[in-house]
Amino acid sequence: MKFSIKTSQLKKGLDIVNHATASVTTTPILENILLKVNFKNIVLTSNNLEMAIEYVITDDINIEQEWAFCIPSKLFSNYIALITDDTLSIELLKDDSIRLETTSGKLKIKGFGADEFPLIPAIKEEVSLSLSGQVVRKSIEKTLFSSAEGNIRPTLAGISVNISENDTTFASTDSFRLSEFKTVLDAEIAHSFYGIIPNKTASQIRSILSDKDTVKIVSGESQIAFISGNTKIYSRLLNGKFPDYKTFFPSSYTTKAEVNRIDLMGALKKINLISRENNYSIKMSISAETGVLLETSETQIGESDVRLIGAVEWEDNIVGVNSTYFLEVLGVIDTTHVSISFENPLSPILITPVTDPDKEKNTDSFKHIIMPLKI
């Protein structure tokens with residue numbers, strides 16, 4: 001049982017499915033890729049039990065007979081990456097192994113029978129809709145960084161996704177900070193959707209999809225699939241309810257500053273060299289007369305302060321903030337200036353983009369809060 005395939009096609013497929021291959025596991029079969037050979041296509045599948053990926057190859061293949069086999073992902077992918085021949089052939093042998101052969105060499109790999117590989121649960125379709133890859137990727141980029149890690153509060157280890165007829169809203173929080181990104185859609189969609197996508201799944205979706213893709217989203221019974229071209233990404237949804245976060249965003253302020261984002265990022269990077277010795281705790285002073293001052297308390301390696309020019313409104317004030325959290329949110333904002341506002345030193349610090357007057361306006365909306373630190 002044998003087939004031949006263009007090497008570049010196989011490399012592309014392996015690059016995608018390897019996003020869901022388990023690297024360290026007590027279940028060895030999860031470290032494998034399922035290779036399923038049909039008469040009209042070849043399907044590569046990976047499954048780590050939290051997420052699964054299928055990639056279908058239909059071009060540049062020559063198939064003699066249908067068969068299926070599990071191949072160790074790391075060895076298989078590393079060898080294919082080193083092949084410089086245009087095509088290769090893969091043959092299933094009788095001793096639970098396959099032989100890879102090109103004009104310049106061959107390799108035999110032992111594997112597992114296809115029946116040992118975990119099946120991907122079928123999704124009972126309750127919701128089906130389509131979004132642009134750009135909307136999906138950008139929404140994840142703006143919110144993934146502030147989702148929680150670990151299992152202390154499982155519903156926070158993901159991104160809350162709410163898709164209505166006219167817009168999409170992605171939100172995340174680790175209880176110390178909160179992000180919301182909203183996009184108004186170009187055209188209405190027929191179905192609405194709500195669910196919490198695990199942050200590991202969201203990270204892989206962002207890596208695999210491109211802005212030019214059209215993404216079909218299918219969901220039902222706590223399962224979701226993202227389908228684009230030859231790729232299908234399956235995942236469970238997190239059980240539980242995401243916090244009703246809307247009221248967490250402050251509706252008023254007594255202190256507000258608008259600062260150049262690039263200058264602020266540079267200042268925070270300088271401050272971080274010292275503040276890392278103090279769990280990245282810094283003090284931010286905002287004054288209409290002197291601008292914005294960032295400073296650390298004295299640590300074992302020293303102390304630092306950086307002053308920035310800023311347009312300040314209302315009262316002068318001082319607040320404590322985690323400098324790394326501050327730097328991370330600035331990294332997902334793309335405007336020249338940002339707004340920083342808060343009610344008092346104990347209230348959330350609201351950070352939002354300031355629309356660039358010389359750029360085309362868009363309907364996206366992003367806002368983020370960081371909980372203050374004791375000064």
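Close-up 1. Tyr245 is buried, with a relative accessible area of 8%, where buried means under 20% relative accessible area, exposed over 50% and partly exposed in between, for a 1.4 Å probe and protein chains only. Phe242 is buried too, with a relative accessible area of 4%. The rings of Phe242 and Tyr245 have their centres 6.1 Å apart and their planes at 85 degrees, so this pair is edge-to-face. Rings of Phe, Tyr and Trp (its six-membered ring) pair if their centres lie within 6.5 Å, and planes under 30 degrees apart count as stacked, over 60 as edge-to-face and the rest as tilted. Tyr245 also forms an edge-to-face pair with Phe249, at 6.1 Å centre to centre and with 80 degrees between the planes, and ring pairs link Phe242, Tyr245 and Phe249 into a cluster.

The model is predicted, and local features need pLDDT of at least 70, side-chain atom pairs count only at pLDDT 80 or more, while totals for chains, interfaces and linings use all residues. Residues are numbered from 1 along each chain as its sequence is written, and side-chain values use heavy atoms, with hydrogens and water left out.

**Close-up 2. Charges over rings.** The charged end of Lys367 sits over the ring of Phe249, 4.6 Å from its centre, and Arg177 lies over the face of Tyr325, at 4.0 Å from the ring centre. A charge sits over a ring if NZ of Lys or CZ of Arg is within 6 Å of the ring centre and within 35 degrees of the ring normal.

**Close-up 3. The largest cavity.** A search of the whole structure finds 1 cavity of 30 Å³ or more, and about 60 Å³ of space lies in the largest cavity. On a 1 Å grid over the protein atoms alone, a cavity is a set of points where a 1.4 Å probe fits but cannot get out, a pocket is an open set with protein on both sides within 12 Å along at least five of seven lines, and lining residues have an atom within 4 Å of a point. Grid points are joined across faces, edges and corners, and a volume is the space filled by probe spheres set on the points. Among the residues lining the largest cavity are Leu131, Ile163, Phe193 and Phe226.

**Close-up 4. The largest pocket.** The largest pocket has a volume of about 480 Å³, and of the 20 residues that line it, Ser132, Gln134, Val135, Thr183 and Asp186 lie nearest its centre.
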